[in-house]
Amino acid sequence: MKLFATSQIAGIDKYTIEHEPISDIDLMERAASTLVDWILHHAEPDQHLIFFVGPGNNGGDALAAARMLAWALSGIDVYIMDLGKGMSESANTNLERLQQQNRTQIVYLNADAPMPEIKPSDWVVDGLFGAGLSRPLKGLPAKIVKHINASGAQVIAIDIPSGLMGEDNRQNDRDSIIRADVTLTFQFPKISFLLPENDPFTGHWIVLDIGLHPDGIGQTETPFFYTDHQVAKSLLKDRRTFAHKGNFGHALLIAGSYGKMGAAVLASRGCLRSGVGLLTTHVPRLGYNILQNSIPEAMASIDQSDLMFTQNPDLASFDAIGIGPGLDTKCNTGRGVQRMLEEELKKPMVIDADGLNLLAKNPEWLKLLPPETILTPHPGEFARLTHPVECGYERLQLAKEYARDNGVVLVLKGAYTAIACPDGTCWFNSTGNPGMATAGSGDVLTGILLGLLAQGYTAKEAAILGVFLHGLAADFAVEEGSHEALLAGDITQHLGLAFATLKDS
Ligand SMILES: NC(=O)C1=CN([C@@H]2O[C@H](COP(=O)(O)OP(=O)(O)OC[C@H]3O[C@@H](n4cnc5c(N)ncnc54)[C@H](OP(=O)(O)O)[C@@H]3O)[C@@H](O)[C@H]2O)[C@@H](O)CC1
Ligand SMILES: [K+]
């Protein structure tokens, strides 16, 4: 799915009105009816709802929804924020319709008016501002937002929590943004919803399809995408009936050191469960028994060192290389990695964990990286590769620059993992859960990415698909357990179900 800046969404909105064609008041009616469906599905018949209405079309949506709900629910109050400059045309039409219906109390709130009582048991519907917000809230809007946030009531935001910008919130006033429990957003998640600093504002967000015109969506260019089932499925390659293991590549994983052999085992499992034909895992001597006992499907390549990686095997027979899980950053290991990179191998590569920490210490290696390279930092590792940042928005910009400037696919791990590609595109992942914040989860991902690279997926395809499958497998694992108890090994165990679900979807 494409993701757009709010200004672009307004353009698609306009395109829909012109080309469907549909009048703007009817498009608003369609949007409002999706809100109403959601609310009726979740509210008890005696639920008291308080609508806060702003001057633009976000307010218009709120007024239309209040009218539709007033036929079904008895306790609806509407407060209109009076900024002294009137309302948009469609909002005005909906105000007249609500007045004519005559089932709802409508009160104007100006700067001097006392704030209405909101009980913790009430539901507040926030229709103050949406995609048309142009600056941080001050004065009356900020006062109303603070009053709502302090109420303890459930808050449902229409389209965007009022006060939150769709993209860049670096200059925003965080005290003057609605803290919603649920955000019902139209057609597309907004880019700011995918950044960690905005989670307290959006709460749980849900996308409501309002049928914006597919041609308008298709013609609007954007660097941002959301990897949903459809995208991931389109990347998945078929396995032919007469295929044999030679068709699915031979991966080399360089992983493990004294005390960190688990990382090598987990990454090996992730790799083998992602469809690779053959896997050789290169480990220090001490890891030989551990590896062979815990994962007999992997072949072992043994380092000359007892304790750590120092020297790669002959690389000629491998289709892709993964390096990093449990590697450690000792000098000898660093020298080993450097020698390997200096071979100027043209094999696809994935670098994780201590591989990234070594790269951060030796930025001159960047120019030695092969063309199809994936780096998989979490925010801390990314800060070491670049520099610390203030917020997720800045990190996203930096990730896009880093991927473009260095010709690497950068997998910035976290909720909605962002994959920045050398072509300037950025793909947010839709699967996964907080249970994945657990030891070894990243090692499993490295294994999956390596397995996909070895099978001939490009670095970009492998990253988008691999991150999606990793998250989906973890989602299945959590369905049987809990976030707290999720082990990285549970992710590998559910990879089969993730592949199968994607194929059948
Ligand atoms: N796109 C779609 O597909 C569809 C969109 N729909 C809905 O429309 C919404 C977008 O509507 P919108 O463009 O009218 O913007 P919205 O946020 O309601 O208000 C703008 C008003 O606020 C004002 N204003 C701005 N900032 C301010 C501030 N800090 N403090 C004070 N005032 C401020 C601004 O005036 P300004 O002073 O900036 O000139 C203007 O008067 C969208 O979120 C969705 O809910 C659906 O109905 C149908 C399909
Ligand atoms: K809103």
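The structure is a predicted model, in which local features need pLDDT of at least 70 and side-chain atom pairs count only at pLDDT 80 or more, while totals for chains, interfaces and linings use all residues. Residues are numbered from 1 along each chain as its sequence is written, and chains are lettered from A, with ligands numbered from 1, in the order in which they are written.

The protein chain splits into domain 1 (2–221) and domain 2 (231–504), with bounds that come from an automatic or database domain assignment. Taken over C-alpha atoms, the domain centres sit 41 Å apart. Where the two touch, domain 1 gives 8 residues and domain 2 gives 8 residues; contact here puts C-beta atoms, placed from the backbone, within 7 Å. On the domain 1 side, 4 of these residues are nonpolar, 1 is polar and 3 are charged (nonpolar: Ala, Val, Leu, Ile, Met, Phe, Trp, Tyr, Cys and Pro; charged: Asp, Glu, Lys and Arg; polar: the others, Gly among them).

Now for helix H9, residues 261–272 (helices are DSSP runs of H or I, at least four residues, and strands are runs of E, at least two, numbered from the N terminus). Its end C-alpha atoms are 17 Å apart, which agrees with the 16 Å that its 12 residues should span at 1.5 Å a residue (1.5 Å times one less than the number of residues). Of those 12 residues, 11 are buried, meaning that 20 or more other C-beta atoms lie within 10 Å of their own, with C-beta atoms placed from the backbone. Among them are Met-261, Arg-269 and Leu-272. The buried residues pack against several elements, including strand S10 (250–254), helix H10 (288–294) and helix H15 (441–454).
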